[in-house]
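Thanks for coming. Please have the sequence and the model open while I talk.

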Amino acid sequence: MSLRQSMAGLHTWGGLLPSWLLYVIIFAGSLACFDKELERWMRPALHVPVASSMTADEVRDWLRRNVSDELHAFWTHAPTEREPYWRLGWEVDGSMEIHDVAFDPAGREPMPGSVGGRFFFDLHYNLHAGMPGVYIVGLAGMFMLVALVSGVIIHRRIFKDFFTLRPQTNGQRAWLDAHNLFGVLGLPFHLVLAYTGVAIFVATYMPAGIQVAYGSDIEKFFGEVMGAYIREGIHQPSSQQVSLDGLIERSRQRWDGAEVGWVSVHHPGDVAAVVDVRQRDESRIAPPQATLSYDEASGELLGEQQVSAGYQTYSWLTGLHMAQFGGTLVRVLYFLLGLAGCAMLVGGLKVWLAKREERGGRALALVRALNGAVLGGLPLASLALLWGNRLLPASLPERAEAEGWVFVASWLVLAIWAVLRRHQPRALYREQLALGALLALGLPLLNWLTTRDGHLLASLARGDWALAGIDLTLLLAGLLCALFAWRTAQPMTQAARQPRGRRQLVEEGV
């Protein structure tokens, strides 16, 4: 058996088995490129950019008034252009409980709960399943690397086929052309993103060294490789705390006016509390690791972070994967190439199905059901989430969790629908596309009915393209769904019904 023949089986099954999971990961990651813009869209208080008058000290005061638990740490971030509001998070000591709030720039009080754009970021990297989800995503990433490399080996005419797209031919040939086109189009991007996605969590996937050297103390390990200043709390309350705003200003002066990002306080209120002030620079691939550590009680400078060369490399790989550099153009490019990855997976699954339609078998019904539940169900559930965001009352307790349940319940219903319609896949796709058109085209209208300053006309009038881009993208997606729903409703041509001969398909690299 030749190398190419052995790689064909590896590509087929190594690509098929994780395809639906990879589709979820890549689709969610594509949306997460604009997580901060989605956050603004989902929070009406942020629709009109308002300069927040809050300060870091006022954020800390709010935490003291409203949280009585002893804290391991809290962290806060000042408003930025993409996130025009104060963010606050904290961890209760000894419990691993993480809480966070976002403050209304105008009212200085926490905004109504929402999963926001971070919902898709968490879905991308851990499937909302915590550490087990991180391992599952990592395994899927390794499968993706195997599928990409084996795909290059088995397609002898891969770059020639890149310029070949025959949508009017039989279904299998058209889907294979699409699979090749989108695979080659995003090949370097998909290789880099799959590799960096796995590399980011290498310390989690291979923890043996940390367990031996640090006794599983991950915080101490990262503190050392980052060159951070670490001091344990001694559970003795301090009589004073210096101004966080004063420490921020001192840090700016030390960095010649550079912007400040996260400000974190470890063991707040303790005599051993430490304040870390981190520099921010979104123009670079690797986020700056410059961090100054101060004593919370006296304001004394305790240390300046000296990052190791290894961690600088890790930070560069992380920044390359996260796409938080280069502005809107880079995020649009990542978004489009991510969607190309989704299209590549769809094409590959369609080719697998088309090759086996003549044979029949239970596996076909299962694959059809999974295709309908995942390929069509995930985008529709995401649209349902946005509908839930607009329709759920702002005063609803645990509102963010309710939005998440809208997503889960919608996806479950769509999955059941796909299972019931698995023997009529063409009718199912037509119905899903029609529903997608209805949901996507209806969202800008719903946005106009439920918000005063966040709808498309208002955002365009004030030149707020970041917010208007969400509605414009929804309109484009809705129109495309309507177009494809109409095309799917048309009778199939005779050529599209006729399968290709097996020998010809093998020669073409299927």
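Asp122 is buried, at 16% relative accessibility. This is a predicted model, so please read every value I give as computed from it. Asp122 has a charged partner: its side chain meets that of Arg118 in a salt bridge, 3.4 Å from N to O. Is Arg118 buried or partly exposed? At 44% relative accessibility, Arg118 is partly exposed. Both residues sit in helix 5, which runs over residues 118–126. They are 4 residues apart there, about one turn of the helix.

A second pair is Arg462 and Asp464, whose side chains form a salt bridge at 3.7 Å, N to O. Arg462 counts as partly exposed, with 32% relative accessibility, while Asp464 is buried, with a relative accessible area of 10%. Some salt bridges share partners, and in this way Asp35, Glu37, Arg82 and Arg331 are joined into one network.

How many salt bridges does the structure hold? The count is 20.

Now the nonpolar part. In soluble globular proteins, nonpolar side chains tend to be buried together. Here the largest nonpolar core has 62 residues. Which residues have the most contacts inside this core? They are Tyr23, Trp41 and Tyr334. Helix 15, residues 327–356, supplies the largest share of the core, with 11 residues. There is also a second, separate core of 27 residues, and among its members are Val59, Val67, Leu88 and Leu247.

Last, the cysteines. How many disulfides are there? The count is 0. Cys342 is in no disulfide, and the nearest cysteine sulfur, in Cys33, is 11 Å away. Cys342 is also buried, at 5% relative accessibility. For Cys481, the closest cysteine sulfur is that of Cys342, at 13 Å, which is too far for a bond.

Key. Residues are numbered from 1 along each chain as its sequence is written. This is a predicted model: local features need pLDDT of at least 70, side-chain atom pairs count only at pLDDT 80 or more; totals for chains, interfaces and linings use all residues. Side-chain values use heavy atoms; hydrogens and water are left out. A disulfide is a pair of cysteine sulfur atoms within 2.5 Å. Buried means under 20% relative accessible area, exposed over 50%, partly exposed in between (1.4 Å probe, protein chains only). A nonpolar core is a set of buried Ala, Val, Leu, Ile, Met, Phe, Trp, Tyr and Cys residues joined through side-chain atoms within 4.5 Å. Helices (H or I, at least four residues) and strands (E, at least two) are DSSP runs, numbered from the N terminus. A salt bridge is a side-chain nitrogen of Lys or Arg within 4 Å of a carboxyl oxygen of Asp or Glu.
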